[in-house]
Amino acid sequence: MLAYALKRLLSTIPVLWIAITACFFILRLAPGGPFDGERPLPQAIKDNLAAHYNLDKPLIEQYLIYIGNVLKGDLGPSFINQDFNVAEQLLSGLPYTLTLGTSAFVFAVLAGILAGIAGALYKNSLPDYLLGLFILLGLVVPNFLVAPILQLVFGLQLDWLPVGGWGDGSIAFLVLPVVVLALPHIARISRLMRGALIEVLNSNYIRTARSKGLSRTRIVVRHALKPALMPVVSYLGPAAGFLLTGSVIVETIFGLPGIGRYFINAALNRDYGMVLGTVIFYMVLIVVLNLIVDILYAWLDPRVRTQ
Amino acid sequence: MKIIQQAAACTLALMLYGAISATAWAATINIHNGADPTSLDPHKVSGDWENRIVGDIFEGLVTEDPNAEAIPGQAASWTVSDDGLVYTFTLRDGIQWTDGTPVTANDFVFAFQRLMDPATAASYAYLQYPIKNAEGINAGDITDIASLGAKAIDDTTLEITLEQPTPYFIGALTHYTAFPLPKHVVEEKGEEWVKIGNIATNGPYKPTEWVPGSHVTTVKNDGHYDAANITIDGAKFFVLEDESAALKRYRAGEFDILTDFPTDQYDWMQENLPGEARVAPFAGLYYYVVNNTKAPFDNPDVRKALSMSINREVIGPQILGTGEIPAYSWVPPGMANYGDPVEVDWKDMSYGDKVAMAKELLTGAGFNADNPLKLQLRYNTNENHKRIAIAIAAMWKPVGIEVELYNTETKVHYEELQNNIVDVGRAGWLADYNDADNFLNLLKSDIQYNYGRYSNSEFDALLNKANETTDLTARSELLREAEAIALNESASIPIYYYLSRNVVSPKVEGFVDNAFDIHRTRWLTLSE
Amino acid sequence: MSNALDSNTENELNGELSTGRSLTEAALARFRANKGAMAALFILIFLILAAFLGPYALPFNYEDPDWNAFKSPPSIETGHYFGTDQNGRDLLARTLYGTRVSLIVALVATLVSIFIGVSFGAVAGYFGGRLDQAMMRFVDVMYALPYILFVILLMVVFGRNVYLLFAAIGALEWLTMARIVRGQTLSIKHREFIEAAVAAGVKPITIVFRHIVPNLVGPVVIYAALTIPEIIATESFLSYLGFGVQEPLTSLGTLIADGADVLEVLPWLLWFPAAILVALLLSLLFIGDGLRDAFDAREH
């Protein structure tokens with residue numbers, strides 16, 4: 001298993017390299033530079049800035065310098081936030097993004113699985129239809145629409161929760177962003193769970209178990225749950241990735257200081273180092289998460305384990 | 001290893017953050033500040049959101065009063081030589097950095113030299129170009145940095161020599177490019193001097209915490225000479241670029257001041273939060289650049305037709321909803337040493353007559369229904385810019401002008417404006433200092449901000465002559481003459497004069513609307 | 001955003017589908033019997049007709065302001081049934097136009113994803129061996145990329161360009177398609193008619209595109225139907241971030257993003273486009289589900 005994990009990690013290095021290279025050159029092809037803005041700078045000052053950040057060197061040399069620095073673990077300076085380098089900013093945003101992402105992940109998985117089980121057990125009855133409707137809405141209503149509505153209802157009209165910000169980091173500040181981020185994934189997970197559980201409950205060995213007179217709860221918990229979880233687990237890897245990238249919007253609307261926000265800001269501001277840093281960071285994170293999911297999958301499914 | 005240390009430092013900072021926010025501050029003001037600041041280093045910043053923080057924690061020779069007018073700051077007094085070239089400042093007694101070191105004239109000299117040093121790459125250095133040799137040093141033509149016209153006579157006396165008499169120089173010294181720096185800290189820590197923990201400041205507040213993407217916290221500096229009169233104990237400047245979300249948080253009591261608001265909500269706020277939304281004239285001009293070097297826009301009649309057929313009267317009240325004042329002049333009203341600006345001669349015609357005349361002008365230039373004038377109108381991403389562009393395109397349509405709207409993000413927009421590849425493009429200018437020359441310069445030949453490449457030697461000569469004139473009345477006459485020429489040739493299309501938009505909680509007192517939209521925390525008070 | 005509308009769809013499609021004529025007919029009969037899916041189909045047809053024909057029946061177009069009716073609420077008297085926006089433009093006209101743009105984006109992007117996904121999957125599946133392994137490894141790796149970041153990057157770099165939007169979104173959605181097509185190809189490449197073609201000396205690439213691809217229509221269509229709502233959602237996400245189409249064009253995502261800011265003061269600007277988007281996505285979802293169930297032999 002360890003060798004497998006290592007191999008997986010190693011095989012992502014070329015991908016990472018290609019992605020970095022592509023991003024690096026795409027960014028430089030982009031019109032507009034980091035020092036263009038509402039106030040144009042005199043050419044002398046622009047030259048000074050370019051020299052300061054090595055931007056006056058030939059592109060290929062800049063690229064080699066960058067790659068060299070990355071290999072040394074140095075992600076370089078940031079243009080928009082000059083008092084912090086790229087690594088410092090990413091590390092400063094990491095706890096927020098991880099807290100938000102993990103909470104949303106756990107919430108989505110638990111709520112999705114429970115809703116899926118409920119849907120399967122009460123198949124084609126009123127609770128199933130109500131859940132189904134709610135889930136469909138979660139699936140089709142975009143999160144940039146849900147967020148302002150929830151802010152308005154729970155933050156202003158009912159005044160139960162803060163409208164935005166991180167505040168003192170207490171749970172109250174997390175509730176709305178986590179719900180908004182998790183909603184579409186609750187929907188997806190519960191759909192997967194419901195479908196898989198219905199199928200398992202119809203399978204022969206469950207019928208056998210039932211004919212032996214085992215209670216329904218016992219059948220579900222002991223026998224049906226684990227196999228029914230397989231499709232859910234295979235969705236968790238992608239879901240973790242979507243939660244991370246989904247945090248871009250949620251962090252913007254709620255004004256949270258996570259990493260997702262940096263990305264768009266950095267791209268718009270031509271903050272080359274910051275864009276590349278964010279991409280590298282996200283890729284590594286997603287690869288690791290996918291790996292964890294794979295290992296979990298292997299643990300659940302003996303067939304994969306023995307392969 | 002380095003990353004691990006950073007992670008540890010980061011965790012520590014978070015723990016401190018928790019500890020700090022657990023203790024409630026008696027009077028901490030929460031300010032919605034827009035974008036993330038670039039730096040706390042006055043030489044590296046360029047935006048009004050950065051000015052709000054940097055201007056609270058540092059203080060120059062002169063500073064702004066609640067009306068944003070210059071009053072003595074670190075300097076107790078100054079004298080100006082008769083030829084207007086040499087300023088001699090005497091610093092206050094007992095001023096000190098937050099680490100206890102005295103602020104001396106050398107700190108100012110050091111800061112000015114660093115500002116002009118090409119290696120610093122300070123983006124706003126040009127604002128202090130009136131200082132002798134500044135431009136030469138900054139451009140790398142003069143390598144002896146010590147030749148800069150800023151000298152410390154002794155610890156408390158500073159002498160600044162200018163290139164030419166500059167009536168607005170004292171005003172320019174309120175700008176953050178003129179702030180002193182703690183020479184001892186910068187020399188000891190190098191680039192790291194500006195980090196929380198290293199930084200020493202001399203303003204009414206000192207920074208204590210910065211969570212990138214979230215907020216900067218400042219705390220009152222008890223060593224400041226005016227500390228006894230300052231009632232707000234600290235400020236939190238929040239990063240949040242979504243104005244609608246910011247307004248919601250304001251309504252929930254999470255912010256005390258919003259430094260902008262979505263114009264659509266203005267009516268609603270006047271009804272539901274009476275008196276809290278403030279709109280005030282702002283020394284700035286919103287205008288459309290017309291490419292003077294490209295046919296057919298090199299024809300003044302075509303430019304005039306474009307300008308005349310814009311119904312400016314509906315833009316403020318109807319399109320924006322905050323009542324921006326229509327602009328028929330190039331210099332906004334109320335600039336110092338200027339008087340009333342010159343206005344276009346067709347200002348008072350009815351809109352119907354303007355449209356008729358615009359059509360005639362276009363016909364004269366060879367355009368008609370079969371051969372309509374086609375142009376691309378570019379604007380940078382922003383709800384209001386978009387709305388105005390849509391409205392103006394619709395106003396031009398009946399005159400027989402076909403408009404293609406083209407929206408790009410800010411960086412691209414300005415690069416294209418500078419590269420002169422735009423037919424008609426949106427631009428704006430906020431005064432750097434209180435003088436008409438700051439606006440007229442935008443139309444001078446060979447000036448980088450002259451996006452439309454308007455070029456008229458008579459206009460240039462008048463501006464140059466005005467710069468050498470010390471008599472303020474004669475100077476303003478020259479500037480007005482120049483403005484009349486530019487307007488007559490429709491060098492560019494002024495649209496409206498900016499308004500500042502703030503939302504101020506009734507808990508905050510001492511917030512005075514002013515033409516530069518500068519409101520230092522030291523003048524405010526906060527009640528429960 | 002996501003191309004994993006339903007991960008198990010992929011497995012089902014790979015495992016269970018077959019494309020015989022009678023089976024297709026049976027499946028279509030099952031689809032017709034599915035009331036929810038049929039209702040959804042009618043709603044979708046109505047929306048498509050409204051989006052493409054509706055604008056011709058309106059007195060207002062989507063770009064010209066009505067100078068007498070700025071920010072006017074929905075009203076029968078003024079003829080602005082959905083109200084007007086802050087530029088005095090008729091919201092009904094804009095919503096219909098926006099629906100049209102969203103549908104076109106979805107259609108073209110789906111075609112792009114089908115084109116890439118089918119070619120890639122069929123080639124990998126047919127040739128098998130090392131090539132297959134390498135190609136599928138590539139797909140695995142691409143799954144791990146924070147794709148939306150690249151799309152944002154492209155939109156930032158090359159500006160607001162409809163064609164780029166098509167290509168970028170299409171390129172985002174082809175991965176699952178490639179996997180499904182590969183699985184299908186594996187299952188049919190040893191059928192007699194393929195072996196016959198091989199024996200007749202037909203070139204491999206011709207076999208792939210002449211004989212294999214046409215037999216994949218069923219699963220491809222079903223998966224494409226499931227992809228369309230994803231694409232519409234992605235488009236509105238990009239529009240929300242400010243990378244949508246240029247004014248005065250609009251899309252549902254752009255309208256909703258603009259409307260969300262004025263939720264309290266000009267609510268109609270949000271609710272109408274949002275309702276249309278939700279109706280559109282729901283109907284597509286029901287149709288996709290209906291198709292999948294109809295073709296899925298297990299439940300019957």
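**View 1. Polar contacts where chain A meets chain B.** In this predicted model, 8 residue pairs are in polar contact across the interface of chain A and chain B, both partners at pLDDT 80 or more. A polar contact here is a pair of N or O atoms within 3.5 Å; within protein, one must be able to donate a hydrogen and the other to accept it, and residues adjacent in sequence count only if both atoms are side-chain atoms.

**View 2. The salt bridge between chains A and B.** Chain A and chain B share 1 salt bridge, meaning a side-chain nitrogen of Lys or Arg within 4 Å of a carboxyl oxygen of Asp or Glu. The partners are the side chains of A:Glu88 and B:Lys195, at 2.9 Å from N to O.

**View 3. The extent of the contact.** Counting heavy atoms within 4.5 Å as contact, chain A puts in 56 residues and chain B 58 residues. Together they bury about 4600 Å², with 52% of that on carbon and sulfur atoms; this is the accessible area (1.4 Å probe) that two parts lose on being put together, summed over both.

**View 4. A look at chain C.** Chain C has 12 helices and 0 strands, taken as DSSP runs (H or I, at least four residues, for helices; E, at least two, for strands). Of its 300 residues, 61% are buried, that is, under 20% relative accessible area with a 1.4 Å probe, protein chains only.

**Notes.** Residues are numbered from 1 along each chain as its sequence is written, and chains are lettered from A in the order in which they are written. Local features need pLDDT of at least 70, and side-chain values use heavy atoms, leaving out hydrogens and water.

Methods. Buried means under 20% relative accessible area, exposed over 50%, partly exposed in between (1.4 Å probe, protein chains only).
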